[in-house]
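Subject: Handover of the two-chain model

Hello,

I am passing this structure on to you. The sequence and coordinates come first, and my notes follow.

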Amino acid sequence: MSVSPLLSLRDVKVHFPIRTGFIRRRITGFIRAVNGVSFDIEKGETLGLVGESGCGKTTAAKAILGLEKTAAGEITFDGKNIAGLRGENLRMIYKDLQVIYQDPYASLNPRMTVLQIVTEPLACFNVMNARERQARAEELLETVGLDPRYIRRYPHEFSGGQRQRIGIARALALNPSLIICDEPVSALDVSIRAQIINLLEDLQNKYHFSYLFIAHDLSVVRHISNRVAVMYLGKIVEIADSKDIYASPAHPYTKALLSAIPIPDPEVEAKRRRIILTGDVPGPDSEIPGCAFASRCPVKIDRCEKESPALREIAPGHSASCFLA
Amino acid sequence: MTNDNEKTRAAADIQPVKGTSLWKDAWRRLLKNRMAVAGGALLILIACAAILAPALTPYAFDEIHLSDGNHPPSREYPLGADHLGRDLLTRILYGGRVSLAVGIVATFVSIIIGVSYGAAAGYLGGRADNIMMRFVDILYGLPFMFLVILMMVIFHNAPAEKKLYLLFIGLGAVQWLTMSRITRGQTLSIKTKEYILAARTSGAGVFRIISRHVIPNLLGPVIVYATLTVPAVMLEEAFLSFLGLGVQAPMASWGSLASDGRQSLDTYPWQMIFPGLALAITLFSLNFLGDGLRDALDPQMKDQK
């Protein structure tokens, strides 16, 4: 791999203040949505970021995009520190950093034609003239598998899968080096998901950009990711090469997540042992002295309540934050 | 990636290259609403009659026939004549020009100011929003009649047409307050939509987001409110004219005609009834059109009722 990664997060924290009081709204606590996250994405690589709802994966993505203020930590993109950028400086990073959003019904402006939507990034950065932009838009639609003749149509005239393709075409317009996919298939029908994931994979093979692929489901990420990071309550609990994490998960949370994936073979499926987690997720506003997962962990020991396990390397390229790993 | 594609290809054979925008969709729904269409047609008719007034009547609006003072409706004077023997139909047609122009221009002024102000306040949010909307609250607290009357008094010796422009600006300046509040509320909800986020990460600046992404999506309620503002402004103009602060004689508006006619309601009722009727028909039409537009632009709202 290259010397410096394309994107690198070091101990990034995003805290939302909790304000109470009617007239003088004092800050009485913090929700630690992202609480010390570190990872690297190499050029051309896909990192899958997995975790349950509310674990802070989307907030982490927003922090990278400068849409949420970071409380601490460093975010380096393409050799530059981008944490805390604002205004014009922030705008310039979108030339190289694009997003595919979760909900294809909400992420396309209903008053704009496909042409206007897809060429929006080009227009914002004043790239090309109107005729070149249209040619580029037609080319992009073809790339994502849509008929370029639909360029004058509006989003409401397309199906969910087609709309997501329009969103993908928009993200490709500027030839970015990193695309953040924020649960790009979770709003789609199961039958369409594989198509979109295959499309994303084909595009990467063709244009060699990197993905940060966010999902709440390990089975979706498995196919596309080179490495997978599992998040729980604002922290990364395990990060490893894709095949390692599926073959030999180290963290009990990862094991529980993996055991929830159904196996498409009735005989094997019948024997599948599921790890059912009990207990509650602690509120993200509470300070936990020990392991954040301790309240639900099936293999908890006394030490977990008192001490927080650090993310440590248990095998080459495989890190987990668990005393028992 | 087959299923989606096949659909795409199959539909492409019919060659529907052009898409239907949401505006076109709304237009189709509007055409299905009979009351709204009737209202719209009536408005067009009234507007045409006002514009073509010189061709429709043989009289001038200030042509006096003293011998025909208070003439009842007849062949010569289809809607009767006033105390100076001026043909009432002619005066209603010419008055319609003033009333409609005041209504439309003042509403237009209020849209321009209110929408840009409200969208900016709503999108910027935080302290800017707070300061901008408190300013609106303060203006709300000022009695608007005071403002308009003050303007009219200050410029009391300006020529009649200039005073008309003043009326446009004065009434528009009052109406934009509500318009900005409606726009701000809409902006707050649009702001949270993912496509606004997508515009930001596409590199769009604040001005571009407001003008290309926020405003086109909130025009629906604004248009509806505008069709309801036009009659409100027309009534206000009538009220001002009634006080003698609006249109100056010999020019007329429906409001000033009705106010003149009120004095002789017992003896010559047509002098009040016909201008009032013209105003009422116009207001009804505008309201029906407004209701129709609301249903057409927001079909889900209608189903919820």
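A residue is called buried here if 20 or more other C-beta atoms lie within 10 Å of its own, and exposed if there are 12 or fewer. Please keep in mind that this is a predicted model.

Most residues other than glycine have a negative phi. A:Glu183 is not a glycine, yet its phi is positive, at about 45 degrees. This residue sits in the loop between strand E7 (178-182) and H6 of chain A. A:Glu183 counts as buried because it has 21 C-beta neighbours inside 10 Å. A:His208, again a residue other than glycine, has a positive phi near 60 degrees. Its place is the loop that links H6 to strand E8 (210-215) of chain A. A:His208 has 10 C-beta neighbours inside 10 Å and therefore counts as exposed.

Elsewhere in chain A, strand E1 (residues 7-20) and strand E2 (residues 26-41) pair in the antiparallel sense, over 12 bridges. A:Leu7 has A:Ile41 of E2(A) as its bridge partner. Five residues lie between the strands of this hairpin, and A:Gly21 takes a positive phi there, near 100 degrees.

Next, chain B. Its secondary structure consists of 13 helices and zero strands. The C-alpha trace of chain B spans about 85 × 50 × 35 Å along its principal axes. Chain B has 305 residues, of which 41% count as buried. Among contacts in chain B with a separation of 6 or more, 70% join residues 24 or more positions apart.

Helix H5 (residues 88-124) of chain B packs against helix H10 (residues 206-242) of chain B at an angle of about 145 degrees, and their axes are 8 Å apart. The crossing of H5(B) and H10(B) is right-handed. On the H5(B) side the contact residues include B:Val102, B:Gly103, B:Ala106 and B:Ser110, while those of H10(B) include B:Ile210, B:Val214, B:Val222 and B:Ala226. Sorted by class, this contact has 17 nonpolar, five polar and one charged residues.

How do the two chains meet? In the contact between them, 37 residues of chain A touch 27 residues of chain B. On the side of chain A that touches chain B, the elements giving two or more residues are strand E6 (97-100), helix H3 (114-124), helix H5 (160-172) and helix H6 (190-207) of chain A. H6(A) gives the most, with five residues. By class, this side of chain A divides into 14 nonpolar, 12 polar and 11 charged residues.

Last, the largest nonpolar core. It holds 163 residues, and those touching the most other members are A:Val118, A:Leu212, A:Phe213 and A:Val230. Helix H5 of chain B provides the largest share of this core, 17 residues. Leaving aside neighbours within four places in sequence, the contacts of A:Val230 include A:Val50, A:Gly51, A:Ile236, A:His251, A:Tyr253 and A:Leu257.

Regards

Methods: Residues are numbered from 1 along each chain as its sequence is written. Chains are lettered from A and ligands numbered from 1 in the order in which they are written. This is a predicted model: local features need pLDDT of at least 70, side-chain atom pairs count only at pLDDT 80 or more; totals for chains, interfaces and linings use all residues. Two residues are in contact if their C-beta atoms, placed from the backbone, lie within 7 Å. Helices (H or I, at least four residues) and strands (E, at least two) are DSSP runs, numbered from the N terminus. Ala, Val, Leu, Ile, Met, Phe, Trp, Tyr, Cys and Pro count as nonpolar, Asp, Glu, Lys and Arg as charged, and the others, Gly among them, as polar. A nonpolar core is a set of buried Ala, Val, Leu, Ile, Met, Phe, Trp, Tyr and Cys residues joined through C-beta atoms within 7 Å. Axes are lines fitted to C-alpha atoms, for helices over the stretch in contact, and angles run from 0 to 180 degrees between N-to-C directions. A crossing is left-handed if the near helix is turned anticlockwise from the far one by less than a right angle, and right-handed if clockwise. Two strands pair if DSSP finds at least two bridges between them.
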